Amino acid sequence: MQRRSLLKYMAMFTGGGAYSLSFPSLRAAIASESNVEWGYEEENGPALWGELSPDFGVCQAGQQQSPIDLEGALPAKLPELRLSYQEEALRIVNNGHTLQINTSPGNRITLGGQDFELLQFHFHHPSEHAVNGQRYLMETHFVHRNEHGEFVVLGALMQEGTKNEVLQLILESMPAIAGPEHTIAEVKVNMLQLLPEDQSAYQYFGSLTTPPCSELVRWIVFQQPIEISKEQEEQFAKVFPWNARPLQLLNRRFLLESL
Ligand SMILES: [Zn+2]
């Protein structure tokens with residue numbers, strides 16, 4: 001998928017003649033053959049995502065985009081959420097956009113009686129969702145999908161406090177540059193420690209926060225942040241100084257919060 005979109009991207013910029021090989025992202029894309037066709041810089045950032053590929057059009061035209069400011073939520077009885085995650089060996093990848101941990105089959109959530117399989121989790125710096133206009137230090141996204149291709153993403157906000165031991169294990173294994181996945185068998189990750197104890201949450205329907213920005217996501221963002229240390233934030237920021245999309249409009253959607 002990444003390679004296909006890279007080829008499309010290259011065709012777009014080389015075919016039109018308006019852009020030459022001096023276009024910096026394109027040069028980088030050709031040089032590394034990695035998925036650097038979009039990013040958070042001026043030349044490839046969120047304001048341009050919708051134009052970078054015909055596949056990314058909804059990033060610009062969509063009316064149900066994420067992230068959003070979590071304010072003015074309506075109290076509601078939300079569907080019951082059950083987490084079933086196992087401790088497992090760390091499979092870590094710097095994909096050029098974020099630090100991602102790939103997870104094995106068998107980790108899942110049940111939401112309102114429906115099963116969704118955990119695919120991976122990853123981090124944003126600063127947080128993508130804001131609460132009353134305020135962003136947090138970081139945010140973790142646990143990405144789940146069911147057999148119909150519908151996504152549920154759990155968002156855990158991170159505020160400054162005591163060091164998180166699981167995040168520490170992950171940061172110590174963080175590749176400084178983009179590359180393939182590494183398995184580190186001796187490092188076991190208990191993902192539950194990256195989630196708050198209190199399951200009270202905001203919920204709304206939105207999108208992936210990265211291209212192709214598909215509007216297939218039921219978002220559950222926990223109200224209680226977890227704590228990380230300032231040093232942990234700084235360590236992540238050395239590799240990912242800014243990988244958060246700007247806030248999107250709520251438009252005609254309902255934002256709900258736990259009663
Ligand atoms: Zn994310």
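Q: Which residue of strand 14 stands opposite Val-152?
A: We're looking at a predicted model here. Strand 11 (residues 151-160) and strand 14 run parallel and are joined by five bridges. In that pairing, Val-152 sits across from a residue of strand 14, namely Arg-218.

Q: Which residue of strand 14 does Gln-203 face?
A: Strand 14 also pairs with strand 13 (residues 201-206), and this time the two run antiparallel. Six bridges hold that pairing. Across from Gln-203 you'll find Ile-220.

Q: How many residues of strand 14 are buried?
A: Strand 14 covers residues 217-222. Val-217, Trp-219 and Val-221 point one way, while Arg-218, Ile-220 and Phe-222 point the other way, and all are buried. The buried count for strand 14 is six of six.

Q: Are His-122 and His-124 buried or exposed?
A: As for their accessibility, His-122 and His-124 are both buried.

Q: Which cysteines form a disulfide?
A: The count for this model comes to one disulfide. Its sulfur atoms are 2.1 Å apart, and the partners are Cys-59 and Cys-213. With 95° about the S-S bond, the link is right-handed. The pair to remember is Cys-59 and Cys-213.

Q: How many residues apart in sequence are the parts that Cys-59 and Cys-213 tie together?
A: Cys-59 lies in helix 4 (residues 57-61), whereas Cys-213 is in the loop between strand 13 and strand 14. Because of those positions, the pair ties together parts whose separation in sequence is 154 residues.

Q: Does Cys-59 count as buried or exposed?
A: The cut-off for buried is under 20% relative accessible area. Cys-213 has 0% relative accessibility, so Cys-213 counts as buried. Cys-59 has 8%, so Cys-59 also counts as buried.

Q: How many residues does the largest nonpolar core have?
A: Those with the most contacts inside this core are Phe-121, Phe-123, Phe-142, Leu-154, Ile-170 and Leu-194. Leu-194 touches, among others, Phe-121, Phe-123, Phe-142 and Ile-170, not counting residues up to four places away in sequence. A second, separate core of 14 residues includes Ile-68, Phe-151, Val-217 and Trp-219. The largest core has 37 residues.

Q: What percentage of the residues in the protein is buried?
A: The protein has six helices and 16 strands. Among contacts with a separation of 6 or more, 67% are between residues 24 or more positions apart. The accessible surface comes to about 12600 Å², with 52% of it on carbon and sulfur atoms. Of the 259 residues, the buried share is 49%.

Notes
Residues numbered from 1 in each chain as written. Predicted model: local features only at pLDDT ≥ 70, side-chain atom pairs only at ≥ 80, totals over all residues. Heavy atoms only, no water. Buried < 20%, exposed > 50% of the residue type's maximum accessible area, 1.4 Å probe, protein only. Helix = DSSP H or I, 4+ residues; strand = E, 2+ residues; numbered from the N terminus. Pairing = 2+ DSSP bridges. Disulfide = S-S within 2.5 Å. Core = buried A, V, L, I, M, F, W, Y, C linked by side-chain atoms within 4.5 Å. Contact = heavy atoms within 4.5 Å. Areas by Shrake-Rupley, 256 points an atom, 1.4 Å probe, with all protein chains shown as cover.
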